[in-house]
Amino acid sequence: MIDIALKKKRNRTSPGPFLCWLSTAIIVVVCAGLVIYPLIVGAKAINLEFLLTDPLPSLKEELSGGILTPIAGTIIIILITSVITTPIALGTAIYLTEYAGRDKLPTRLMSLGIDVLAGVPSAVLAIFGLAVFSLPQLAIFSSKVEGAELSFGNSFLVGGIVMILHIISFVIKAMEESIKSVPSSYRDAAYALGTTRWRTIKRAVLPAARPGIITGIILGIGLIAGDTAIIWLCVGGSMTMTGAEQWWLPWNWLAVIQHSGSTLTSYIFYSSPAGEGNSPNKAFGAVFVLMVIILALNLIVDYLGKTKKITQV
Amino acid sequence: MKAFDSKTASSVEQENIVLKQVYSPLRIESASRRYRLWDKIVEKLLLLAAIISGSLVLVVIFFVIKEAIPIFVHNGVRFVTAGGWDQDISKAWASVEPMWRFGALPVIVGTFIATGGALILTFILGIGCSIFLAELAPDAIRSPVEAIIRLLAGIPSVVFGLIGLMIVVPLIMDWFISDELALKYIKIVPLDGQSLLAGILVLTFMILPFFITVAVDALRAVPKTYKEASLALGVNGWRTIVKVVIPVATPGIVAGIVLASGRAVGEAIALSMVAGAMAFMPDPSHGAVFFLEPIRTMASAIVDNKETMGAETVETALFAIGSLLLLVSVLLSLTARITFNRFQKRVMGMVE
Amino acid sequence: MENKDMQFLRNQSYGPAPLSEENGERAKMAAKTNTVKIETRNLNAWYGPKQVIFSVDLPVIENEIIAFIGPSGCGKSTYLRCMNRMNDIIKSFRIEGDITLDGYDIYARDVDLATLRRKVGMVFQHPNPFPMSIFDNIAFGVRESNRRIKKAELGEIVEESLRQASLWNEVKDNLNASGLSLSGGQQQRLCIARALAVKPEVIMLDEPCSSLDPVSTARIEELLLQLCEEYTIIIVTHNLGQARRISHRMAFFLNGRLIEEGPTAEMSIRPRCRETENYLCGRFG
């Protein structure tokens, strides 16, 4: 049996594994660059004044103000969208996992509708929003255009509502996953005590799925913060709030959201050489703030993922 | 029976009160009617939420197509076969009379070549990385790399666009576009770095995480016993991956490509920033300069032409583009779903 | 179909097979020639900090069928996988001691794993044919060891392996059918054919019949009895009846230790150790 010995046959090592390592390295390096470069460049532009001033229209970078209104705008959109999306998404997720018959046609159709919505590009959703909210009947969401049978169609409200369409599918999926992964022993134990279905869900299943549900909401917030197409088309391209002058006063808030403004993403788009603006450094500053928000959200999601695993021992 | 008879009515009542106080599930029994009604209401509310979610997409489809119909009525098939998008837009914007002629071929072609190029690059880089994550990576490296990929997925498109604009475009300008070249082509199209190449590069890294996530899941779903059987026959690790694992995981990998292409087709903002300021159809006869020419895709056209949406016909033309995009994305969503279902059935069937 | 199977089962002889003349003779012959095929000396193995095999010395003799018996989790499968170095895949696995094939240390530095694993073939507990055609299943290992093999030669090897595995007549008409379309027993015989195609010298089977019905089990047992004329066979089994029916020698493992080994006939009737006796009598399992 001499042939099993002395056989370190020039192990024709194929180049395959090396190429795999190489492509991974390329991807990691590019990603690191994508995250680190804007943070470094953007950090230079960050100071308290930058964060607390409104943007000013100016072609000179030093005079173009700060990003206070974009930050406020981002927060506004996040609030509008999340507040409406969360109950609907949660209700859908609960219904689809707990109540609906798994293979019945209506359930499959609803699932299909949600899946197809997930694939619709945000640019298409954006012009859909414009089409719908330009209808004069919906003037309450933006404002009436004088002399025409039209609504203006651009406002925080419009953007926020259209944004719902963009994120709801993902949020539903995330919530569904977490509800599905609650062990059936929780439900069985509750039923064995003789409670009704909704009480079981409310008291036993949802609390167990809570980390996953919150993850879903946070994922949604991440998507909201990052989208530009819907903002650009449905909220508008103006940098400052077009509504009430003093937008930070609560009683003005309704007027503010009926009018337009900017968010971090539209500010970045506008200030970059691709938009009107001439302030790439400020754009990076806004990127800095945006990335900090997104990194923070990512960390929270990771942290929740870990706590969930611990409680499921 | 005699024992029960001996209890008086009042003592039985007292027992019941005690029982109800001690055992709360039993307490429900007495209020069960109220709970059952509430239960039904909640169920209907949840159903309502689900119906709303499921039918939103129908509303979108209906509206977009409805707005787009005039364009198709006026142009017919020529809409997708004729060129001249930019000129049509400026004419329609400038004229007082409504101008209905639009040729969307440049943006359609732009979408195809940008997406196609990005998919090829994504597959090349992504399959290597997926195999790495699923099979080759030591544990200590795997988790950080997976976290980085997840992070990549969360970076907003406008950040990709900005970095593309500030770094990639100037690089392309420096490396590939010499002054002579720019002069040579100046009559045809201005070459300024905003190009198909920039668009493909940026698009690739935007869609990579989506492909990788699905491909890694597909590779991991391959039952371990196939790998064991192959190794026990003396086949080395890499050949096992290539000849056994990947063929089994192929439908899942295809689903990953479909998912990534859906994302690529819909990308508007980043491409608007890096791929070009005009809807130009690159000419393959220009050789390698093909990649240096600017393009516009359907999605980025919607964003780019926003200012001219005041003109009614332009607005309708954009809806027409939107409806084409919608058609493509719906088809891709359905394909992805079907492919993934087939993959799941295949893997489940084998594990029996 | 059922009647033939019932007849087949009824015609099986009762009682421990090695008591039959032929097997007893062969056992004696093997003991005489005493060519040791695979042997372990002072084998110890750990999964991380936990030791799972304790100082096992066990020779396996050429052309015999040796059965590893013992309760679940006592290390029989782990021990088996040491012999074709399948445990190398597991990162936390550590081994000490000698394992030699024909006198050569299989853990030596210059050993080619591919050749080793072909020479020491393995059949698993649950049949795991590749999701390919029957032909490709068997050809897979052969093609990988010899990239330039011609189609005709490959066809011959496939046919010969299927004949050896008693599967040829059942599948010869449709070699392109998927391996997964066969019944459980046929799939397991396909796996045996697949292992045979790369010309092994030792065949190791890890509870190969545990997921099969009695008729398929009987067929495979008959097959193993035929195969042991050319190959050395190690079979891990939970089924004491099976061990008695087909093996020449048995090795009893308990908690990672080799308690006793010897000719099946002797060990069944007069085990030397108390634990062996308890196990064989079913006092624990």
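Two strands count as paired if DSSP finds at least two bridges between them. I keep that rule at hand for the sheet in chain C. The model I am reading is predicted.

**Entry 1: the sheet in chain C**

I traced the strand order first. I found an open sheet of 6 strands, ordered β6-β7-β8-β3-β9-β10 (chain C). The pairing is mixed. Which strands sit at the edges? They are β6 (120–123) and β10 (257–263) of chain C, and each pairs on one side only. I noted the twist as well: from one strand to the next it averages 15 degrees.

Next I followed β10(C) to its partner. Strand β9 (residues 249–254) of chain C runs antiparallel to β10(C), and the two share 6 bridges.

**Entry 2: chain A by itself**

I counted 12 helices and 0 strands in chain A. Along the sequence the pattern reads α-α-α-α-α-α-α-α-α-α-α-α. Chain A has 313 residues, and 50% of them are buried. I then checked the contacts within chain A between residues at least 6 apart in sequence. Of these, 69% join residues at least 24 apart.

**Entry 3: where chain A touches chain B**

I turned to the interface. In chain A, 72 residues are in contact with 70 residues of chain B. Which element of chain A gives the most to that side? It is helix α1 (residues 16–45), with 17 residues. I sorted the chain A side by class: 51 residues are nonpolar, 18 polar and 3 charged.

**Entry 4: α1(A) against α8(B)**

I picked one helix pair across the interface. Two packed helices are described by the angle between their axes and the distance between the axes. Here helix α1(A) packs with helix α8 (residues 139–154) of chain B at about 50 degrees, and the axes are 10 Å apart. Why do I call the pair oblique? Roughly parallel needs an angle under 35 degrees and roughly perpendicular needs 65 to 115, so α1(A) and α8(B) are oblique to each other. Their crossing is left-handed.

I listed the residues that meet. From α1(A) come A:Thr24, A:Val28, A:Cys31 and A:Val35. They meet B:Val145, B:Ile148, B:Leu151 and B:Leu152 of α8(B).

Technical notes. Residues are numbered from 1 along each chain as its sequence is written. Chains are lettered from A and ligands numbered from 1 in the order in which they are written. This is a predicted model: local features need pLDDT of at least 70, side-chain atom pairs count only at pLDDT 80 or more; totals for chains, interfaces and linings use all residues. Two residues are in contact if their C-beta atoms, placed from the backbone, lie within 7 Å. Helices (H or I, at least four residues) and strands (E, at least two) are DSSP runs, numbered from the N terminus. Ala, Val, Leu, Ile, Met, Phe, Trp, Tyr, Cys and Pro count as nonpolar, Asp, Glu, Lys and Arg as charged, and the others, Gly among them, as polar. Axes are lines fitted to C-alpha atoms, for helices over the stretch in contact, and angles run from 0 to 180 degrees between N-to-C directions. Angles under 35 degrees count as roughly parallel, over 145 as roughly antiparallel, 65 to 115 as roughly perpendicular and the rest as oblique. A crossing is left-handed if the near helix is turned anticlockwise from the far one by less than a right angle, and right-handed if clockwise. A residue is buried if 20 or more other C-beta atoms lie within 10 Å of its own, exposed if 12 or fewer, and partly exposed in between; C-beta atoms are placed from the backbone.
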